[in-house]
Amino acid sequence: MPVGLPGTIAALAAATYVESLTTWVSFGTQNPALGTLPANSHVLDVQVYVQAAFNSDGTDLLTVGYDGTVSAFVTSLDVSTTGLKSPTLGSGMGYNATSRAVEVYYTAGGSAPTTGSAIVVLRFVRVAAAP
């Protein structure tokens, strides 16, 4: 515990906080920015809740990543039904040494959708730089 701080404040100062990047993706905003993942962070998980199903006439897919690796955190998640999804996590999970601009990528499987919205939450903690 840090010296000179009262109990609760000292415990808070020494704690690791889970932080998150959060955004909505919709049929009208198909590639929103999720936010900037800081350097020296460890990605814990990604949660996706589809509030309104995306309704193209094909398979509607969502990925989460960054330019060059659009499926780094979530790979090909079907968003054509509502509810909390269990995404397949990508190779970017875990330690990230580099700061990255994270984005959500929606791909309509056919015709342009007229409905669809989902909230995406990427949870991470800041960690010391890798030795």
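1. Let's start with strands E4 (residues 61–66) and E5 (residues 69–78), which run antiparallel and are joined by four bridges. Strands here are DSSP runs of at least two residues, labelled E and numbered from the N terminus, and two strands pair if DSSP finds at least two bridges between them. Across this pair, Tyr66 stands opposite Thr69 in E5. The two strands form a hairpin with two residues between them, and Gly68 in the turn has a positive phi of about 100°.

2. A word on the source: this is a predicted model, in which local features need pLDDT of at least 70 and side-chain atom pairs count only at pLDDT 80 or more, while totals for chains, interfaces and linings use all residues. Residues are numbered from 1 along each chain as its sequence is written, and side-chain values use heavy atoms, leaving out hydrogens and water.

3. Now look at E9 (residues 100–107), which runs antiparallel to E4 and is joined to it by five bridges. Leu61 has Thr107 as its bridge partner in E9. Five of the six residues of E4 are buried, so this strand is largely enclosed by the rest of the structure. Buried means under 20% relative accessible area, with a 1.4 Å probe and protein chains only.

4. Finally, find Glu103 in strand E9. Glu103 counts as buried because its relative accessibility is 16%. Which side chain makes a polar contact with the side chain of Glu103? It is that of Asn31, at 3.2 Å. A polar contact is a pair of N or O atoms within 3.5 Å; within protein, one must be able to donate a hydrogen and the other to accept it, and residues adjacent in sequence count only if both atoms are side-chain atoms. Glu103 and Asn31 are 72 residues apart in sequence, yet 6.7 Å apart in space, C-alpha to C-alpha.

Technical notes:
Buried means under 20% relative accessible area, exposed over 50%, partly exposed in between (1.4 Å probe, protein chains only).
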